[in-house]
Amino acid sequence: MKGLQRIGVRFLLGCIALNIGAAYAGFNKGLLNSCESCHNESLVNQVDIYPILHGQKQGYLEAQLKAFRDGTRENALMADIVKGLSDKDITQLATHYSNQTFFKAPKQAADRRGADVRARCVSCHGLSGKTINTEWPNLLGQNSGYLLNQLNNFASGERKSVIMQQIANELTPEQRQQVALYYDQQGRAQ
Ligand code: HEC
Ligand code: HEC
């Protein structure tokens with residue numbers, strides 16, 4: 001019986017390895033390591049203006065990497081990095097990060113004004129900051145410095161999005177700060 005169990009476990013492990021192998025066939029680990037020099041868990045915990053990519057929506061990550069590559073989204077750091085990426089690299093990196101989890105403890109907010117501003121975001125970013133489709137970004141637990149930079153860039157038109165440029169412009173600079181803090185302080189269960 002023990003022997004049979006052992007074979008069963010080995011078979012299961014083999015299946016898991018095969019599945020991972022299929023999803024990551026030809027996955028460029030060196031490339032991922034280059035991303036991890038900035039987007040790794042411990043750094044994004046410390047550097048508030050770096051985005052957490054773990055658990056972000058797959059379609060959204062792909063679209064952003066392509067936008068950096070074709071210059072429709074401008075950022076000096078990212079532009080250089082994505083220059084040589086193929087569509088396949090982009091799909092694999094987006095798939096990798098969207099499958100990761102990230103834990104961030106929630107913080108008790110003394111200031112509840114961000115929760116009121118959040119009411120304007122719910123229809124697209126979900127009640128808790130998790131969107132219902134794969135194309136729009138989750139905001140839940142994202143770093144506040146990064147979120148605020150994006151809202152300011154949408155407001156100034158430096159970052160383009162028909163929807164978000166209008167929404168960011170309807171907020172005062174204080175409201176942008178409050179809502180960025182709100183999403184950060186919600187933390188992430190995983
Ligand atoms: C030198 C540091 C650095 C490296 C290396 C780096 N990034 Fe970034 N990345 C950033 C910064 C900073 C931003 C935020 C840009 C902004 O404020 O618009 C960013 C933004 C992004 C975004 C947009 C996230 C969002 O929520 O819209 C994606 C996707 C991304 N990076 C993926 C990658 C991938 C994949 C790699 C590796 C191929 C990589 N990055 C390597 C610093 C880096
Ligand atoms: C009508 C739908 C809609 C509403 C309402 C909306 N958003 Fe968005 N939001 C989007 C879409 C779509 C994007 C992706 C834009 C792109 O393609 O770059 C986005 C992107 C963002 C980003 C960039 C995230 C990242 O990872 O870079 C931030 C920050 C953001 N929204 C904040 C907000 C806030 C705060 C509110 C409420 C005050 C809000 N949004 C309301 C649709 C919406």
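Colleague: Ground rules before we start?

Modeller: This is a predicted model, where local features need pLDDT of at least 70, side-chain atom pairs count only at pLDDT 80 or more, and totals for chains, interfaces and linings use all residues. Residues are numbered from 1 along each chain as its sequence is written, chains are lettered from A and ligands numbered from 1 in the order in which they are written, and side-chain values use heavy atoms, with hydrogens and water left out.

Colleague: How many helices and strands does the protein chain have?

Modeller: There are 11 helices and 0 strands. Helices (H or I, at least four residues) and strands (E, at least two) are DSSP runs, numbered from the N terminus.

Colleague: And how much of the chain is buried?

Modeller: Of its 190 residues, 40% count as buried. Buried means under 20% relative accessible area, exposed over 50%, and partly exposed in between (1.4 Å probe, protein chains only).

Colleague: What share of the contacts comes from residues 24 or more positions apart?

Modeller: They make up 72% of the contacts with a separation of 6 or more. Contact means heavy atoms within 4.5 Å.

Colleague: Now the metals. Which residues coordinate the iron atom of ligand 1?

Modeller: His39, through NE2, and Met78, through SD, at 2.1 to 2.2 Å. Donors are N, O and S atoms within 2.8 Å of the metal (3.2 Å for Na, K and Ca); water is not among the atoms, so sites may look incomplete.

Colleague: Where do those two sit?

Modeller: His39 is in helix H2 (residues 29–39) and Met78 in helix H5 (residues 76–82). They are 39 residues apart, so the pair links distant parts of the chain.

Colleague: Are His39 and Met78 buried or exposed?

Modeller: His39 is buried, with a relative accessible area of 11%. Met78 is buried as well, at 16%.

Colleague: What does Met78 contact, leaving aside its neighbours within four places in sequence?

Modeller: His39, Leu65 and Phe68.

Colleague: On to ligand 2. Which protein donors does its iron atom have?

Modeller: His125 (NE2) and Met164 (SD), lying 2.0 to 2.3 Å from the iron atom. His125 lies in helix H8 (residues 122–125) and Met164 in helix H10 (residues 162–169), so the pair ties together parts 39 residues apart in sequence. Both His125 and Met164 are buried.

Colleague: What angles do the donors make there?

Modeller: The 6 donor atoms around the iron atom of ligand 2 subtend 86 to 179°, which makes this arrangement octahedral.

Colleague: Which polar side chains reach the oxygen atoms of ligand 2?

Modeller: Tyr146 has a polar side-chain atom 2.6 Å from an oxygen atom of ligand 2. For Arg159 the distance is 2.8 Å, and for Tyr60 it is 2.9 Å. A polar contact is a pair of N or O atoms within 3.5 Å; within protein, one must be able to donate a hydrogen and the other to accept it, and residues adjacent in sequence count only if both atoms are side-chain atoms.

Colleague: How do Tyr60 and Tyr146 relate to ligand 1?

Modeller: Tyr60 has a polar side-chain atom 2.6 Å from an oxygen atom of ligand 1. Tyr146 has one at 2.9 Å from an oxygen atom of ligand 1.

Colleague: Last topic. Where is Thr131?

Modeller: Thr131 lies in the loop between H8 and H9. Thr131 is buried, with a relative accessible area of 7%.

Colleague: What does its side chain reach?

Modeller: The Thr131 side chain reaches the backbone oxygen of Asn133 at 3.3 Å. A polar atom of that side chain also lies 2.8 Å from the backbone oxygen of Trp136.

Note on methods:
Four donors count as tetrahedral if all angles lie between 85 and 135 degrees; four count as square planar and six as octahedral if opposite donors are over 155 degrees apart and all others between 65 and 115; anything else is irregular.
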